[in-house]
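Please look over the notes below with the structure open beside you.

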Amino acid sequence: MNMQRKGIVLVISAASGTGKTTLVKRLLAEFPRFGYSISCTTRPPRAGEVDGRDYHFLSREEFLRRRDAGYFAEWAEVYGNYYGSPLQPTLDMLARGQDVLFEIDVQGAAQLRLNIPQAQCIFILPPSLPVLEQRLRGRGTDDEEVIRRRLDSAAREIAEAHWFSTWIVNDDLDTAYAELRAAYLAATLAPTLRPGLLRTILAPAG
Ligand code: 5GP
């Protein structure tokens, strides 16, 4: 692990069906320096999801109690459930020099950008709404009403994406991954992450 610089915060948002989770998994697998911010949610676990690995699954009461106690760096209501990112684990990971990756919705990303101004916010876009619709239908997991709802909220989220620092259109997965990787690597080169570097380089030899 290269500890010569401070850790960065990478925030990735996208409408569902855009391939965000696949891209995130690839990035985490390639760069072990990443810690992942495990969110809390009030939605029930899906098949295969593990409490404490995919999410911390909480009751609404417990979620609201933590929210009111200032436990979250950001939180939002998405599709009728609460989601939030615990603050302390992120601070701990950054203190250890890790990079921290968040996979959260647009409202949460906007809050994080306010709380952590140096966060790099990346939005993954589908090539078009008809392509997104095709992909959502192709999954074969959702009924018509769910697909309509996801498409509506996709259009709303995409309309909000203007303030993100990076846009990646996921038309071809390998190209999108190459762009995500490049955006991450570029972010790790910011001078603010290596405050002592110039002094070290200029120090007389010996
Ligand atoms: P899902 O229920 O499909 O896992 O996630 C639904 C949406 O909630 C996705 O857009 C996901 O990125 C977002 N999400 C997951 N965790 C968080 C979180 O901690 N905060 C916010 N704001 N959104 C989240």
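1. The space that the ligand takes is the largest pocket. A pocket here is an open set of points on a 1 Å grid over the protein atoms alone, where a 1.4 Å probe fits, with protein on both sides within 12 Å along at least five of seven lines. Strands are DSSP runs of at least two residues, numbered from the N terminus.

2. This is a predicted model, where local features need pLDDT of at least 70, side-chain atom pairs count only at pLDDT 80 or more, and totals for chains, interfaces and linings use all residues. Residues are numbered from 1 along each chain as its sequence is written, and side-chain values use heavy atoms, with hydrogens and water left out.

3. Look next at oxygen atoms of the ligand. A polar side-chain atom of arginine 46 lies 2.9 Å from one. A backbone N or O atom of glycine 84 lies 3.3 Å from an oxygen atom of the ligand. For glutamate 103, a backbone N or O atom is also 3.3 Å from a ligand oxygen atom. The protein covers 90% of the 520 Å² of accessible area that the ligand has on its own.

4. Serine 39 sits in the loop between strand E2 (34–36) and strand E3 (40–41). Is serine 39 buried or exposed? Serine 39 counts as buried because its relative accessibility is 7%.

Notes:
Helix = DSSP H or I, 4+ residues; strand = E, 2+ residues; numbered from the N terminus. Buried < 20%, exposed > 50% of the residue type's maximum accessible area, 1.4 Å probe, protein only. Polar contact = N/O pair within 3.5 Å; in protein donor to acceptor, adjacent residues only side chain to side chain. Areas by Shrake-Rupley, 256 points an atom, 1.4 Å probe, with all protein chains shown as cover. 1 Å grid on protein atoms, 1.4 Å probe; cavity = no way out; pocket = protein on both sides within 12 Å on 5 of 7 lines; lining within 4 Å. Sits in = over half its atoms within 2 Å of the grid points.
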